[in-house]
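Open the structure in your viewer and keep the sequence beside it. The tour goes from one selection to the next and says what is found at each stop.

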Amino acid sequence: MLKKRLIFTLLYSNGSFMLSRNFRLQAVGNLAWLQRNYDFSQISYSIDELVVLDVTREKRNIDKFCEVLKSLTINNFVPITAGGGVWDVDSAQKLLRSGADKILINSSLFIERYLAKELSEEYGQQCVVASIDLKRSKVGELQVLSHNGSKLHESPARELIDSVLTMEVGEIYLNSVDRDGTGQGLDFEVLELLPARVNKPVILAGGAGNSNHLLLGFKDSRVDAVATANLFNFVGDGLKKARHELVLGGIRLPMWDLGFRNSDVTSLPQNLG
Amino acid sequence: MKNYKATVIDYGMGNIWSVTSALQYLGCEVDVSSDALIIERAQTLILPGVGSFRKAMNALISMNLEASILNSVLARKAKFLGICLGMQLMGTKSTEDGETKGLGLIPSSVDKFSSSEVADRKVPHIGFDQVHFDSDGNLFKGISGNQDFYFVHSYRMLPPDSKAGLSTCNYGIDFLAAYENDNIFATQFHPEKSQTNGLRLLDNFLKV
């Protein structure tokens, strides 16, 4: 039986990893900081996927981002989705050759709508993750944002989501800007925007601050995967503990026999830099 | 000291880095190549791949790699592992984006999961799922029963009627998850993304 997925999302900007709160960014540390506080060669056993997004607000440097991606994938044998600033097939190709398995697109879904088609023709639909950021208006209505949250789309969110679901994308990543980084719990109202029957996997993101929030997400039958980008709440062995609690809570997640890494592998990893 | 060597076929469609990184972790010397002559002579070949079948097959043909692969695998019996799209390319044909002929190393065609097969399940099939494997084979040696491996695909092959070692995964229908027949190996899932289960499988392949 297909397992649910716990996804950890890393936000990268200009050499640093960021904490985002309602899409306001705060630099937390560089790659060395991340590796000290999140040893991905170990932590990857507590997550089912890693999402790495370049959320740089100014001009992005994709080659540098690719180098960071490569560093993250050393001894980290977990599926990786990369994105942020992907506007053409060439950028996607660079990310895929740097360790990414899937490409996340966001703003282009509403503007350069042919990109999803181009990417799926090149890499297959399963390779394209459609990410949609949602925020409440003053009257409490959920609206779609794009361009790092700076552009508001007037069309009803439900219509925009319906149109994305007809595009050649493999999964849909719904992110609540209102809950983003707050640690107050996932925003289940965004799921109400989905049609009754969704035939693509749904990832819910934004607001998970502890294992109970994750658990509630997994218990919702509309959700195939839950993502958290909270760099502080799951620091150290936080993800490991959270996963343990999810399993105790009855969520079917894959388990790993870690013996292989410790006993059977005799050689040290070569320098891949 | 292990003395593994493998040539990863680079035809512009692969997640080359991930495969290479996993092989190197296992102590394998990796040669990434798109050179038909090198592939013609290699002892151990790995065909990774993320992409559409037609584009991939066209790339293999235009780079003169189809013939070198077939020579290596069929005439010289080089050890061969196809991963994900790499496995699908080993099929007879695919209906992805029109009909395209495959390498024909596995007697099965590649088709999209149909809604009648998967019933209420979502397509693509994405995530860790249980593989029911043939324990007599080499690939799954030392892996305890029905472990999870990472899948990400919309197209599938059905288990062929063959004496080869067939492993399956059920997604409404039993589809081919792994294949082994003499020097020919394939996995629909990504061993390089399947944590220790996948590393063990890759190590088993290198050991054969």
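Begin with T168(B), whose bridge partner in β12(B) is L176(B). The model you are looking at is a predicted one.

**Stop 1: the hairpins of chain B**

Select β11(B) and β12(B) together. These two strands pair in the antiparallel sense, over 6 bridges. They form a hairpin with 3 residues between them. In the turn, click on G172(B), which has a positive phi of about 85°.

Now keep β12(B), residues 174–181, and ask how many of its 8 residues are buried. The number is 6, so the strand is largely enclosed by the rest of the structure.

**Stop 2**

For a parallel pair in chain B, select β3 (residues 44–47) and β4 (residues 79–83), which are joined by 4 bridges. Within this pair, I46(B) has L81(B) in β4(B) as its bridge partner.

**Stop 2: where the chains touch**

Show both chains. Chain B brings 41 residues to the contact, and chain A brings 45 residues. On the side of chain B that touches chain A, select α1 (16–25), β8 (125–130), β9 (148–153) and α7 (195–207) of chain B; each supplies at least two residues. Coloured by type, the residues on this side of chain B divide into 14 nonpolar, 18 polar and 9 charged.

Next, select K55(B), found in helix α3 (residues 53–62) of chain B. Is K55(B) buried or exposed? K55(B) has 21 C-beta neighbours inside 10 Å and so counts as buried. Leaving aside neighbours within four places in sequence, K55(B) is in contact with E122(A) and M13(B). Then draw a distance from K55(B) to E96(B): the two are 41 residues apart along the chain, and their C-alpha atoms are separated by 10.0 Å.

**Stop 3: the loop between α6 and β8 of chain B**

Select A119(B), which is found in this loop. A119(B) has a positive phi of about 55°, although it is not a glycine. A119(B) counts as exposed because it has 9 C-beta neighbours inside 10 Å. P124(B) also has its place in the loop between α6 (115–118) and β8 of chain B. Look at the bond joining V123(B) and P124(B): it is a cis peptide bond, with omega of about 5°.

**Stop 5**

The largest nonpolar core has 152 residues. Select V52(A), I103(A), A130(A), L174(A), I203(A) and V226(A), which touch the most other members. Stay on A130(A): not counting residues up to four places away in sequence, the residues it touches include I105(A), L109(A), V164(A) and M167(A).

**Stop 4: two loops of chain A**

Select N22(A), in the loop between β2 (16–21) and β3 (24–29) of chain A. Its phi is near 50°, a positive value in a residue other than glycine. With 14 C-beta neighbours inside 10 Å, N22(A) counts as partly exposed.

Finish at S150(A), in the loop between β8 and β9 of chain A. S150(A) is exposed, with 10 other C-beta atoms within 10 Å. S150(A) and F8(A) are 142 residues apart in sequence, and from C-alpha to C-alpha they are 24 Å apart in space.

Key:
Residues numbered from 1 in each chain as written. Chains lettered and ligands numbered in written order. Predicted model: local features only at pLDDT ≥ 70, side-chain atom pairs only at ≥ 80, totals over all residues. Pairing = 2+ DSSP bridges. Buried ≥ 20, exposed ≤ 12 C-beta atoms within 10 Å, placed from the backbone. Contact = placed C-beta atoms within 7 Å. Nonpolar A, V, L, I, M, F, W, Y, C, P; charged D, E, K, R; others polar. Core = buried A, V, L, I, M, F, W, Y, C linked by C-beta atoms within 7 Å.
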